[in-house]
Amino acid sequence: MAKVKITLVRSPIGAPQRQKDTVQGLGLRKLNHSVIQPANLQILGMVRKVSHLVSIEEVPEETEVR
């Protein structure tokens, strides 16, 4: 499954409470904090709601060594 790196680039201080809750739900705590999440529909929907506060980039899949 693909993964995405989500970084908080703008402060949610002036944003509505629902957007603040979405940022917290993504696991973002402080400005310039990044998390890696799976690229499923739920996460991408959350990112879309706060797209003006975050930046997103795809993380290349790591090859699994057996």
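Predicted model: local features only at pLDDT ≥ 70, side-chain atom pairs only at ≥ 80, totals over all residues.

Mentor: Residues are numbered from 1 along each chain as its sequence is written, and side-chain values use heavy atoms, with hydrogens and water left out.

Trainee: In what order do the elements of the chain run from the N terminus on?

Mentor: Start with the terms. Helices (H or I, at least four residues) and strands (E, at least two) are DSSP runs, numbered from the N terminus. The chain has two helices and three strands. From the N terminus on, the order is β-α-β-α-β.

Trainee: What does the C-alpha trace of the chain span along its principal axes?

Mentor: By the Shrake-Rupley method with a 1.4 Å probe, where only the protein chains shown count as cover for residues, the accessible surface of the chain comes to about 5100 Å². Carbon and sulfur atoms hold 51% of that surface. Along the principal axes, the C-alpha trace spans about 45 × 20 × 15 Å.

Trainee: How many bridges join β1 and β3?

Mentor: Two strands pair if DSSP finds at least two bridges between them. Strand β1 (residues 3-8) pairs with strand β2 (residues 34-38) in the antiparallel sense over five bridges. There, K5 has I36 of β2 as its bridge partner. Strand β3 (residues 54-59) also pairs with β1 in the antiparallel sense, and the number of bridges is six.

Trainee: Which residue in β3 stands opposite I6?

Mentor: Look along the pairing of β1 and β3, which is antiparallel. In β3, the residue opposite I6 is I56.

Trainee: Is I56 buried, exposed or partly exposed?

Mentor: I56 lies in strand β3. Buried means under 20% relative accessible area, exposed over 50%, and partly exposed in between (1.4 Å probe, protein chains only). I56 has 42% relative accessibility, so the class is partly exposed.

Trainee: Which residues does I56 touch, not counting those up to four places away in sequence?

Mentor: Contact means heavy atoms within 4.5 Å. By that rule, I56 touches V4, K5, I6, L44 and V47.

Trainee: Which side chains of β2 point to the face where they are buried?

Mentor: The side chains along β2 alternate.

Trainee: Why is T7 counted as buried?

Mentor: T7 lies in strand β1. Leaving out residues up to four places away in sequence, T7 touches N32, H33, S34, L53, V54 and S55. T7 counts as buried because its relative accessible area is 13%.

Trainee: What is phi of N32 near?

Mentor: N32 is in the loop between α1 and β2. With a relative accessible area of 58%, N32 is exposed. Its phi is positive, in a residue other than glycine, and near 65°.

Trainee: What separates the C-alpha atoms of G27 and Q37?

Mentor: G27 is found in the loop between α1 and β2. G27 is partly exposed, at 28% relative accessibility. G27 and Q37 are 10 residues apart along the chain, and their C-alpha atoms are separated by 9.1 Å.

Trainee: Which residues does T22 touch, not counting those up to four places away in sequence?

Mentor: T22 lies in helix α1 (residues 17-25). T22 is buried, at 17% relative accessibility. Its contacts are M46 and V50.
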